[in-house]
Amino acid sequence: MGGPLRTEVNAYATGLYRRKQGRPEEYLAEEAASYAAEGFKAVKLKVGFGIDDDVRATRAVRDAIGPDVGLMIDANHAYDVVAAIRLGRKVEDLDIGWFEEPVPPEDIAGHCKVRAALAIPVASGECEFTRFGFREMIASQAVDYIQPDTCSAGGLSECKKIADMASAYGIRYAPHVWGSGIAIAASLQLLAVLPSFTPPSLNPIEPMLEFDRTEHPVRKALLATPIEHQSGVVTVPSGPGLGVEIDRDALDRFDPGD
């Protein structure tokens, strides 16, 4: 992999999902404020519930976390180009870090149109696989951030190739991370070897870890020592392999054959 460039990684908090009850602009703002209080320097909000609804929620979250905490939005390809651009223009003044999957992942031309129309950076890639799948998205410069999932896009060596391709085109790399602690560990090992986005400086902009904060019974249980954060910073595991030890008893508990 080339050797680590860092031993710890800044993380952004993923969560802020919709609930069956309550007003989204209230409970989402409260949840986002709790992540900021934990020390996270950025949070990601799920959108895609209608433009006006999304605007209200995004403004409420921005007000709750203040101007110094980063805010990204993720539509999970809920919109077409027209709607995505309309939403983006309504929240551009909120200093959005990126607009994730604004349109369906197969619509490369749509990503290009959204990117050209907005001041907000565009991110996408969790639904794409291997460097061959990412080739068109990267070569067409459809996004500002490419987001392969280390566990589904070919693993560490393949994702490093994707990252190198993206770097050659000036595209930033922000891995999609969701699932077990093993997925987090693998992504941390990759993030440890990726260069900073900016040239060497006193304050380089470095790739971040997506750190899911929602309830997930499997995420922590599979690891003998769960991966935690300290004020929004996660240490890269330094043990053999991915740096983590699997709890074999937990594997037995979650075995669907039992």
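How many salt bridges does a search of the whole structure find? The search finds 17, a salt bridge being a side-chain nitrogen of Lys or Arg within 4 Å of a carboxyl oxygen of Asp or Glu. The structure is a predicted model, in which local features need pLDDT of at least 70 and side-chain atom pairs count only at pLDDT 80 or more, while totals for chains, interfaces and linings use all residues. Residues are numbered from 1 along each chain as its sequence is written, and side-chain values use heavy atoms, without hydrogens and water.

Lys 44 belongs to strand β2 (residues 42-46) and Glu 100 to strand β4, so the contact ties together parts 56 residues apart in sequence. Helices (H or I, at least four residues) and strands (E, at least two) are DSSP runs, numbered from the N terminus. Lys 44 and Glu 100 are both buried. Relative accessible area sets the burial classes: buried is under 20%, exposed is over 50%, and partly exposed is in between (1.4 Å probe, protein chains only). A network of salt bridges links Lys 44, Lys 46, Asp 74, Glu 100 and Glu 210.

Glu 38 and Arg 213 make another salt bridge, with the closest N and O atoms 3.2 Å apart. This pair links distant parts of the chain, 175 residues apart: Glu 38 is in helix α1 (residues 24-38), and Arg 213 is in the loop between β8 (209-212) and α8 (217-221). Glu 38 has 30% relative accessibility and counts as partly exposed. Arg 213, at 27%, also counts as partly exposed.

Glu 158 and Arg 131 meet at 2.7 Å, N to O. Their positions are 27 residues apart, Glu 158 in helix α6 and Arg 131 in helix α5 (residues 130-139). Glu 158 counts as buried at 10% relative accessibility. Arg 131 is partly exposed at 28%.

Aromatic contacts come next. The structure holds 5 aromatic pairs. Rings of Phe, Tyr and Trp (its six-membered ring) pair if their centres lie within 6.5 Å; planes under 30 degrees apart are stacked, over 60 edge-to-face, and the rest tilted. Tyr 12 and Trp 98 have ring centres 5.4 Å apart and planes at 85°, so this pair is edge-to-face. Tyr 12 lies in strand β1 and Trp 98 in strand β4, so the pair ties together parts 86 residues apart in sequence. Both residues are buried. Trp 98 also pairs with Tyr 145: the centres are 4.8 Å apart and the planes at 50°, so the geometry is tilted. Tyr 145 is buried, as is Trp 98. Tyr 12, Trp 98, Tyr 145 and Phe 197 form one aromatic cluster.

The pockets were found on a 1 Å grid over the protein atoms alone, a pocket being an open set of points where a 1.4 Å probe fits, with protein on both sides within 12 Å along at least five of seven lines; lining residues have an atom within 4 Å of a point. The largest pocket holds about 570 Å³ of space. Its lining has 27 residues, and the closest to its centre are Lys 41, Ala 42, Ile 205, Glu 206 and Met 208. β1 (8-14), β3 (70-74), β4 (96-100) and β7 (172-173) are the elements that give two or more residues to this lining.

The second largest pocket holds about 200 Å³. Phe 197 is among the residues closest to its centre. Helix α6 gives the most to this lining, with 4 residues.

Definitions and conventions. Grid points are joined across faces, edges and corners, and a volume is the space filled by probe spheres set on the points.
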